[in-house]
Amino acid sequence: DENNYDGIFIDTLAYIEECVDLESVMFSQMLAVCDFLKKVRTDHPDKEIIQNNALGLTLNYTKDLIDAVCWENPPVVSPDQRKMNKLIISKLNKIRKESGIKVLLLTEDAADPKYFKQVADKNDFLYYDAPKDYIGPVR
């Protein structure tokens, strides 16, 4: 289009799942996000839509409305967190196969970028380790 945008990056959707106490409010917000994504897709069918995080219930609703999902800054410190990562990886692979979305893995100055690079390579995710505070030259 005249603005030369490639698409839209929908940031901080995870707050729907993490910060809403009332289930009815959470579902209302998920449906509103779906309505928004449908509108974006209708108005701009040739543009990419990338969802940031919200890998739990929200992704179940949005997976057919987006082109990619970005898994930003997954935890890596403890064995329990790595177990949780394996569950998320399994879900992302399943959804990717069902709906054809791309999976982006983004870390910010990761303490163990080799671990994430291995995860990305093994699962055909696109990986990028950004500089601290996302400021600095592209690596």
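Predicted model: local features only at pLDDT ≥ 70, side-chain atom pairs only at ≥ 80, totals over all residues.
Reader: How much space lies in the largest pocket?
Author: The largest pocket holds about 200 Å³ of space. Its lining includes Asp11, Thr12, Tyr15, Asn52, Leu55 and Glu72.

Reader: And which helix gives the most to that lining?
Author: Helix 1, which covers residues 14-18, gives the most to the lining of the largest pocket, with 4 residues.

Reader: How does the lining of the largest pocket split by class?
Author: The lining of the largest pocket is made up of 4 nonpolar, 4 polar and 4 charged residues.

Reader: OK, what about the second largest pocket, which residues line it?
Author: Arg82, Lys86, Ile89, Tyr115, Gln118, Val119, Lys122 and Asn123 line the second largest pocket, and the space in that pocket comes to about 160 Å³. Helix 4 (79-99) and helix 5 (113-123) each supply at least two residues of this lining, with the largest share, 5 residues, coming from helix 5.

Reader: Why is the pair of Tyr115 and Phe116 edge-to-face?
Author: The planes of Tyr115 and Phe116 stand at 65°, and because planes over 60 degrees apart count as edge-to-face, the pair falls in that class, with ring centres 5.0 Å apart. Phe116 is buried, with a relative accessible area of 3%, and Tyr115, Phe116 and Tyr127 form one aromatic cluster.

Reader: How many disulfides turn up in the whole structure?
Author: A search of the whole structure finds 0 disulfides. As for the cysteines, Cys34 is buried at 7% relative accessibility, and Cys70 is buried at 3%.

Reader: Last one: where does Gln51 sit, and what is Gln51 in contact with?
Author: Gln51 belongs to strand 2 (residues 48-52) and is buried, at 0% relative accessibility. Leaving aside neighbours within four places in sequence, the contacts of Gln51 include Ile10, Leu13, Leu59, Ile66, Val69 and Cys70.

Notes: Residues numbered from 1 in each chain as written. Heavy atoms only, no water. 1 Å grid on protein atoms, 1.4 Å probe; cavity = no way out; pocket = protein on both sides within 12 Å on 5 of 7 lines; lining within 4 Å. Points joined across faces, edges and corners; volume = space filled by probe spheres on them. Nonpolar A, V, L, I, M, F, W, Y, C, P; charged D, E, K, R; others polar. Disulfide = S-S within 2.5 Å. Buried < 20%, exposed > 50% of the residue type's maximum accessible area, 1.4 Å probe, protein only. Contact = heavy atoms within 4.5 Å. Phe/Tyr/Trp six-rings, centres within 6.5 Å; stacked < 30°, edge-to-face > 60°.
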